[in-house]
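Me: I am new to this structure and would like to learn how to read it, feature by feature. Could you give me the general idea each time and then the case at hand?

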Amino acid sequence: MISPDPFPDCTILYETFPTISFNPTSSQGCCGTNSYVACNYTTNDNAQVRAIVISLDLSYNDISGPLPSALGQLTGLNYLFLEANALTGSIPESFQALTGLQQLDLSQNMLTGRIPDIFNGLTSLNNLFIQQNSFTGPLPTSIGSLTNLAYFDASDNLLNGNIPSFLGNLKNIKSLHLDGNNFAGSIPTTLSQLTSATLVNLANNRLTGSIPTSLSQLSAVKTLDLSSNHLTGFIPPELSMLQNLVSLNASANAFSGSIPVALGALGNLQKMDLSHNLLS
């Protein structure tokens, strides 16, 4: 009887990334002799040991070609870091099988297409970094199911449509970067539900309408950047309720009226940029 391969996850990596030297050993496979991979080990009823890849970090490795769908077979992954390569194509649908994933970093690649609606089962995600690619289309609705998400960066892509109201479901978010895209329409009032957020950046989009007064409920926010949009109306004096605010940037819009005197009472405010507006 042929014994099963104790390192099936390693075999997937060897086949998927033939240019990467994983320095395999007979006793630990790809798991013990390099900085790319971390594993857990399980033993079945026949005392056969199997290595399960839980972390893969191939960032800054000049990997080119399509983002491999075979990575979806590494169902034990908790951490996947592929930033700063030359990966192309779209995010594979197979990634929806990575239900234990806690951190996913695909930033600084050349990925394109729509972000697939695959996140309903990835509810353990804490960090999702997809910035500096060329993703298009709207954000998929399943991102709204990521209630454990703390850091979400989708900046510097080609995303469009409205900023979706379901982002208000991300109650544990601390940092939200949507800047540098083509989002249009108004700022959704549901963003006021992100009461754990310390940073909200919506700059460099095509947003219109006024600042919702409900943003005054962002009680933890320290950095609020709404610059370089097409926002209009008055700057709401209710922003003076943001007592933790350190930086407010609303420059390069079309705000009118006067600067609310109440903003002067923000004791933690260190930087406020309201330049290039129609303020009087």
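Me: Is Asn 204 buried, exposed or partly exposed?

Reply: Asn 204 is partly exposed, because its relative accessible area is 44%, where buried means under 20% relative accessible area, exposed over 50%, and partly exposed in between (1.4 Å probe, protein chains only). Before we go on, please keep in mind that this is a predicted model, in which local features need pLDDT of at least 70 and side-chain atom pairs count only at pLDDT 80 or more, while totals for chains, interfaces and linings use all residues. Residues are numbered from 1 along each chain as its sequence is written, and side-chain values use heavy atoms, with hydrogens and water left out.

Me: What is the phi of Asn 204, and where is the place of this residue?

Reply: Most residues other than glycine have a negative phi, and most peptide bonds are trans. Asn 204 has a positive phi, near 55°, and is a residue other than glycine; its place is in the loop between strand 14 (199-201) and strand 15. Helices (H or I, at least four residues) and strands (E, at least two) are DSSP runs, numbered from the N terminus. Asp 62, which is not a glycine either, has a positive phi of about 55°, and its place is in the loop between strand 2 (49-57) and strand 3. With a relative accessibility of 72%, Asp 62 counts as exposed.

Me: How should I read the sheet, and in which order do its ten strands come?

Reply: Strands of a sheet pair through backbone hydrogen bonds, either parallel or antiparallel. Here ten strands form an open sheet with parallel pairing, in the order 3-5-7-9-11-13-15-17-19-21, where two strands pair if DSSP finds at least two bridges between them. Strand 3 (64-66) and strand 21 (278-279) are the edge strands, each of which pairs on one side only. Within the sheet, strand 15 (residues 206-209) pairs with strand 17 (residues 230-233) in the parallel sense over two bridges, and Thr 208 has His 230 in strand 17 as its bridge partner.

Me: How many disulfides does the structure hold?

Reply: A disulfide is a covalent bond between the sulfur atoms of two cysteines. The structure holds two, a disulfide being counted when a pair of cysteine sulfur atoms lies within 2.5 Å. One is formed by Cys 10 and Cys 30, with their sulfur atoms 2.1 Å apart; because Cys 10 lies in helix 1 and Cys 30 in the loop between helix 1 and strand 1, this pair ties together parts that are 20 residues apart in sequence. The torsion about the S-S bond of Cys 10 and Cys 30 is about -75°, so this disulfide is left-handed, and both cysteines are buried. Cys 31 and Cys 39 form a disulfide too, with sulfur atoms 2.1 Å apart, and both of these cysteines are buried.

Me: Which residues are linked into a cluster by ring pairs?

Reply: A pair of aromatic rings is described by the distance of the centres and the angle of the planes. Rings of Phe, Tyr and Trp (its six-membered ring) pair if their centres lie within 6.5 Å, and planes under 30 degrees apart count as stacked, over 60 as edge-to-face and the rest as tilted. The cluster links Tyr 14, Phe 22 and Tyr 36. The rings of Tyr 14 and Phe 22 have centres 6.1 Å apart and planes at 50°, so this pair is tilted. Phe 22 is buried, with a relative accessible area of 2%, and its ring forms an edge-to-face pair with that of Tyr 36, because the centres are 6.0 Å apart and the planes at 80°.

Me: Which residues meet in a salt bridge?

Reply: Side chains of opposite charge can pair when their charged atoms come close. A salt bridge is a side-chain nitrogen of Lys or Arg within 4 Å of a carboxyl oxygen of Asp or Glu, and here the side chains of Asp 9 and Arg 50 meet in one (3.9 Å, N to O). Since Asp 9 lies in helix 1 and Arg 50 in strand 2, the pair ties together parts that are 41 residues apart in sequence. Asp 9 counts as buried at 3% relative accessibility, whereas Arg 50 is partly exposed, with a relative accessible area of 39%.
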